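Morning, everyone. Please have the model open on your screens. I'll take it piece by piece.

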4 protein chains.
Amino acid sequence: MGDKQKFGAGIWHFATYVDRYATDGYGPSRGLIEMIDLAGQVNDLSVVDINYPFADKSVSLEDVEKALERNKLSVIGITPEIYTQQFAKGAFTNPDPGVRRLANEMVNDAADVVRRFGASYVKLWPGQDGWDYPFQVDHHELWNASMDGVGELASQNPDLNFVIEYKPREPRVHMSYDSVARTLLGIEKIGLPNIGILLDFGHSLYGGESPADAAQLAIDYNRLFGMDVNDNFRSWDDDLMAGSVHPIELFEFFYTLRKNNWEGVWQLDQFPFREDPVAVANGAIDFLKVVERALDKLDFDAMRAAQKKHDAITALKMAEKALYSSY
Amino acid sequence: MGDKQKFGAGIWHFATYVDRYATDGYGPSRGLIEMIDLAGQVNDLSVVDINYPFADKSVSLEDVEKALERNKLSVIGITPEIYTQQFAKGAFTNPDPGVRRLANEMVNDAADVVRRFGASYVKLWPGQDGWDYPFQVDHHELWNASMDGVGELASQNPDLNFVIEYKPREPRVHMSYDSVARTLLGIEKIGLPNIGILLDFGHSLYGGESPADAAQLAIDYNRLFGMDVNDNFRSWDDDLMAGSVHPIELFEFFYTLRKNNWEGVWQLDQFPFREDPVAVANGAIDFLKVVERALDKLDFDAMRAAQKKHDAITALKMAEKALYSSY
Amino acid sequence: MGDKQKFGAGIWHFATYVDRYATDGYGPSRGLIEMIDLAGQVNDLSVVDINYPFADKSVSLEDVEKALERNKLSVIGITPEIYTQQFAKGAFTNPDPGVRRLANEMVNDAADVVRRFGASYVKLWPGQDGWDYPFQVDHHELWNASMDGVGELASQNPDLNFVIEYKPREPRVHMSYDSVARTLLGIEKIGLPNIGILLDFGHSLYGGESPADAAQLAIDYNRLFGMDVNDNFRSWDDDLMAGSVHPIELFEFFYTLRKNNWEGVWQLDQFPFREDPVAVANGAIDFLKVVERALDKLDFDAMRAAQKKHDAITALKMAEKALYSSY
Amino acid sequence: MGDKQKFGAGIWHFATYVDRYATDGYGPSRGLIEMIDLAGQVNDLSVVDINYPFADKSVSLEDVEKALERNKLSVIGITPEIYTQQFAKGAFTNPDPGVRRLANEMVNDAADVVRRFGASYVKLWPGQDGWDYPFQVDHHELWNASMDGVGELASQNPDLNFVIEYKPREPRVHMSYDSVARTLLGIEKIGLPNIGILLDFGHSLYGGESPADAAQLAIDYNRLFGMDVNDNFRSWDDDLMAGSVHPIELFEFFYTLRKNNWEGVWQLDQFPFREDPVAVANGAIDFLKVVERALDKLDFDAMRAAQKKHDAITALKMAEKALYSSY
């Protein structure tokens with residue numbers, strides 16, 4: 001299986017970034033084509049997730065297609081930018097119905113790009129949907145609007161899959177789709193087959209979940225449509241290189257995927273603010289291959305037997321033995 | 001409304017405690033009857049939640065009844081102790097089926113005590129059900145066992161209500177019923193009408209939820225069967241005096257209850273390790289009465305109008321004005 | 001005392017912001033003069049802290065002076081921008097000695113602006129000095145460079161005060177000046193009289209400190225040169241409106257200042273991403289005045305007596321009585 | 001070096017525990033001699049740290065000595081139990097001077113046991129010294145009492161070393177010796193040579209420190225007198241098996257020790273509530289030996305070169321290569 005595992009990345013992995021302090025950016029800004037060409041330099045990358053609308057208005061779909069082709073990349077998903085200035089107070093939950101309409105239109109446009117590229121899904125990351133202060137919102141209305149916005153899109157595009165990438169917070173102090181359980185609760189209430197979850201390992205980790213448990217739960221509801229990895233220090237979405245802080249839990253996460261025969265792409269969602277993005281992508285994939293080899297080596301039956309007894313020490317020793325001999 | 005609000009407390013509020021360091025306890029141990037007599041000294045307490053089996057085996061139901069009567073207290077719920085030594089590796093999720101059987105039996109016994117006292121519910125707090133380490137458990141099986149255990153009890157006792165008190169962690173490093181959304185997901189899957197949530201304000205707070213949002217969600221599923229309050233520093237279940245750290249969010253929590261016409265008992269779940277328990281209960285209730293007066297004063301229509309616009313500053317100023325003038 | 005309390009704000013309170021998602025900003029960008037004019041609209045603002053170099057290169061010191069004058073504002077401090085693109089890998093701790101030199105020069109320039117405006121201090125906020133990953137830096141060298149950079153500046157400008165605003169993290173995953181104790185340790189090692197601390201209430205809170213304890217410690221070392229307030233949810237520097245989440249600890253913080261006869265300006269360091277900045281500043285100051293009135297009302301001797309016994313419940317009841325009757 | 005590395009453990013590693021829920025304990029209680037015999041079963045344990053007074057009053061120093069001898073164990077430190085019922089409101093900072101006296105006497109008794117066993121230090125872990133609530137204590141007086149208590153002991157016993165094991169919290173909501181920097185600040189103020197730090201990896205981790213940075217700082221002040229390891233999920237002192245969650249940072253911690261030629265015992269401070277203590281100790285030491293082999297393999301010069309450039313990715317790749325090939 002090792003050889004055939006596909007790797008992917010959000011194209012923003014190859015952007016430069018701004019934040020509220022370095023308002024002039026962590027480097028000269030890069031265009032989409034330049035980012036694709038950088039993605040092409042990563043050793044084992046097959047697919048990318050692309051933001052829409054494109055950062056450069058001058059870039060056409062054809063330009064993008066050509067750039068992808070010369071870098072042997074295909075598109076797994078399109079991420080509409082429903083979290084920029086006009087959506088600062090929310091996309092699906094914006095108090096202004098006109099802005100909610102704009103969000104719907106932008107995502108529908110993104111759906112067309114998904115069709116154009118034969119991608120797997122439209123990715124919804126409603127980062128501005130939520131609240132900042134106590135007393136700010138009516139939680140009943142906010143949550144209903146969160147579900148309505150997603151439900152409407154899925155109804156309008158029954159031929160496509162939509163994935164929700166939940167996250168506890170940032171940029172909102174609290175996001176409405178904040179956890180795997182809340183997101184599944186919403187998806188079940190909406191009741192449509194073409195809405196799933198894109199599970200970000202780091203979001204799960206810093207939300208206090210066990211990413212392995214979150215993956216299992218999403219799988220049990222047949223809603224794990226995608227995933228990506230990175231790392232952090234459990235209190236913020238640091239988007240560091242995968243494996244740099246929590247290799248054991250990352251290993252358990254992939255163990256859970258394989259045990260369930262979940263066979264999607266292993267994607268990266270990293271933000272190398274101060275590092276060379278190609279080096280960080282290669283570094284992460286190198287570690288993911290260590291994990292793959294460790295999985296090939298692991299005795300799944302023995303692991304199941306230990307887990308049946310909740311025997312943590314035996315289970316961990318098997319995991320450590322596999323991991324620490326797989327470079 | 002102010003005058004008629006009922007207050008309650010877990011009877012353990014009046015116990016003394018041990019922990020892993022002060023193994024000789026934070027004071028001489030107290031019997032159940034003594035605790036009830038202390039509860040009777042609190043100015044405005046009407047109901048208590050009692051652990052079962054009773055700490056003192058020599059105490060009979062009649063003894064308890066008499067003690068309650070002389071202190072003008074009634075019983076709102078019974079909490080079976082499914083988290084002591086024999087359940088150290090779980091009650092509903094214990095790897096040993098014999099222990100799972102014991103848990104079922106103990107809760108069924110507690111159900112009889114609920115009937116005897118005419119209480120409102122059996123409270124389930126499965127604090128040992130969960131995991132400590134990565135790789136320790138099969139998350140699919142653990143979660144199924146969590147649901148099966150509760151579902152079996154609710155089926156066996158269709159005349160009674162069961163409430164689940166979720167909590168992120170402690171004593172397990174991760175509890176299986178860890179959040180409002182996860183618990184609702186489980187309850188919906190079980191699909192029985194007599195299972196609800198007892199929402200502990202502090203558990204919600206330190207789990208990264210907005211307690212007001214959690215209450216609204218449980219209400220929207222018709223599953224908010226009870227609640228209790230306390231306070232903490234957002235990283236652990238400190239069970240401090242209600243209002244001592246987060247008065248604004250406590251106020252928003254009660255605002256949400258009143259807005260939804262939720263009219264249950266306002267209970268205390270505090271652990272005064274080093275303080276006089278009667279003083280801590282009185283101190284908390286004094287603050288809850290400040291909140292009540294502030295609610296009476298608050299212009300609910302104006303609050304709704306501000307929230308409709310997500311206007312945090314206007315909403316907060318109304319809340320502050322009401323609160324800071326209600327001593 | 002109430003009437004004479006001076007209030008201040010960082011001028012960035014009146015800016016618009018970008019972050020890594022809303023790269024087009026949370027509103028149209030504002031020039032420095034425009035920000036000063038907004039600051040002038042706040043009801044009780046006397047002083048501002050200004051970033052240097054000015055955002056608009058075309059703005060002269062005279063322009064700024066005029067704008068301040070017409071808004072009846074004076075300058076309390078100058079904050080050199082040692083955290084923009086060129087300092088992405090650190091100012092004082094940058095691996096490149098040339099960049100360290102640039103940082104020194106920029107702060108020296110800022111020192112001249114302090115002199116020009118008769119301000120109280122140069123504020124150092126070395127937000128990019130620290131690390132992101134395990135194994136990234138030699139901690140001995142990094143910390144020495146942190147101290148050397150500040151010490152050199154204080155030696156070069158013995159006529160001026162320098163204040164260090166510590167913070168646990170952001171934008172670096174870990175900042176070298178991360179806490180009150182670490183910063184005092186560094187200041188004592190440097191051994192110069194003109195280096196102190198600017199204590200940000202929110203940084204202290206989310207770093208796990210008690211802000212009151214942090215203030216007391218800095219005062220005990222004669223190093224509390226300034227302070228500012230805001231609020232957050234204890235896991236990130238949310239820079240919300242002061243008092244909106246943690247009014248009790250804010251009250252204790254100001255109680256500690258008054259008890260020690262600390263008589264500086266009460267400053268705001270808030271980032272109203274999605275709100276009207278004038279409304280947020282007024283809202284915060286309204287609450288600070290509630291605190292002032294509550295302090296006037298509080299029986300300091302009785303509080304001392306309760307604290308002498310570590311009697312939390314009595315102490316809190318006095319605090320609550322004063323606060324909840326001071327709107 | 002690998003062969004000669006000494007391993008140790010707190011003798012409480014082999015106890016059974018109680019907490020506020022499992023008040024009947026996580027197993028039948030064990031006597032000190034029984035614990036020592038269990039410690040003797042661990043494959044590579046040379047030294048233990050023993051609590052004083054002994055849990056069983058009937059056990060004599062001779063009994064302990066004999067048990068140690070037959071298990072080939074020696075004593076590295078004695079930990080006086082200044083955190084039981086009588087010290088519930090503090091040992092050094094207790095509001096009652098009589099209790100402070102008792103604490104002083106108990107530690108002086110423990111000092112005699114240190115002499116008797118030829119141990120390296122008296123370990124001070126003032127877990128009840130601190131506060132729970134806002135407004136509870138006068139922080140100036142509390143901190144002074146914290147320093148006075150330790151200083152008096154060090155003055156009374158100039159022939160012995162005292163180590164302070166700092167910790168952010170538990171059982172107090174906030175401990176006065178809460179971090180490496182605060183503890184060093186206190187030690188420097190006391191100004192005696194025979195007071196140092198015992199750095200607990202897990203305390204450092206969940207206090208938001210980088211344990212490697214904390215170790216370096218203590219070393220730079222010549223105050224790193226001891227250390228122990230375990231693991232947790234960064235929000236509580238879980239005292240899990242070392243390496244089970246954060247192997248990378250544990251590796252960096254030991255890298256820092258070796259780089260500084262720090263050559264003390266590698267101790268375990270784990271609380272196996274639900275696991276076999278011998279298995280958990282062996283599991284931890286197995287991982288520590290992986291770390292040792294990885295250190296032997298690591299190119300320290302190349303690591304220094306990468307760190308000089310703050311080149312996280314190169315540094316991490318070297319660390320990963322060493323670690324993942326060292327089982």
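**Strands, helices and a chain pair**

Start with Leu198(B): it stands opposite Gly226(B) in strand E9(B). Before going on, the ground rules. This is a predicted model, where local features need pLDDT of at least 70, side-chain atom pairs count only at pLDDT 80 or more, and totals for chains, interfaces and linings use all residues. Residues are numbered from 1 along each chain as its sequence is written, and chains are lettered from A and ligands numbered from 1 in the order in which they are written.

Back to chain B. Strand E8(B), residues 195-200, runs parallel to E9(B), residues 224-229, and four bridges join them. Strands and helices here are DSSP runs, numbered from the N terminus: E of at least two residues, H or I of at least four. Strands pair if DSSP finds at least two bridges between them.

Now the helices on the sheet. H7(B), residues 211-220, packs on it and touches E8 and E9 of chain B. The direction of H7(B) makes about 165° with that of E8(B). Angles run from 0 to 180 degrees between N-to-C directions, and axes are lines fitted to C-alpha atoms, for helices over the stretch in contact. Contact means C-beta atoms, placed from the backbone, within 7 Å.

What is the whole sheet in chain B? A closed barrel of eight strands, E1-E2-E3-E4-E6-E8-E9-E10, with parallel pairing. Neighbouring strands are turned by 30° against each other on average, direction ignored.

Over to chain C. Helices H10(C), residues 300-308, and H11(C), residues 312-323, pack at about 155°, axes 8 Å apart. That makes H10(C) roughly antiparallel to H11(C), a label for angles over 145 degrees. On the H10(C) side, the contact is made by Ala302(C), Met303(C), Ala306(C) and Gln307(C). H11(C) brings Thr314(C), Ala315(C) and Met318(C).

Last, the chain pair. 30 residues of chain C are in contact with 30 residues of chain A. How are these two copies related? A rotation of 180° with 0.0 Å of shift along its axis superposes chain C on chain A, RMSD 0.0 Å. The two copies are thus related as by a two-fold rotation axis. Superposition is by least squares on the C-alpha atoms of residues with pLDDT of at least 70 in both. In chain C, the C-alpha nearest the axis belongs to Asp19(C), 2.1 Å from it. The same surface serves both copies: 100% of the contact residues of chain C recur in chain A.

Technical notes:
Two residues are in contact if their C-beta atoms, placed from the backbone, lie within 7 Å. Angles under 35 degrees count as roughly parallel, over 145 as roughly antiparallel, 65 to 115 as roughly perpendicular and the rest as oblique.
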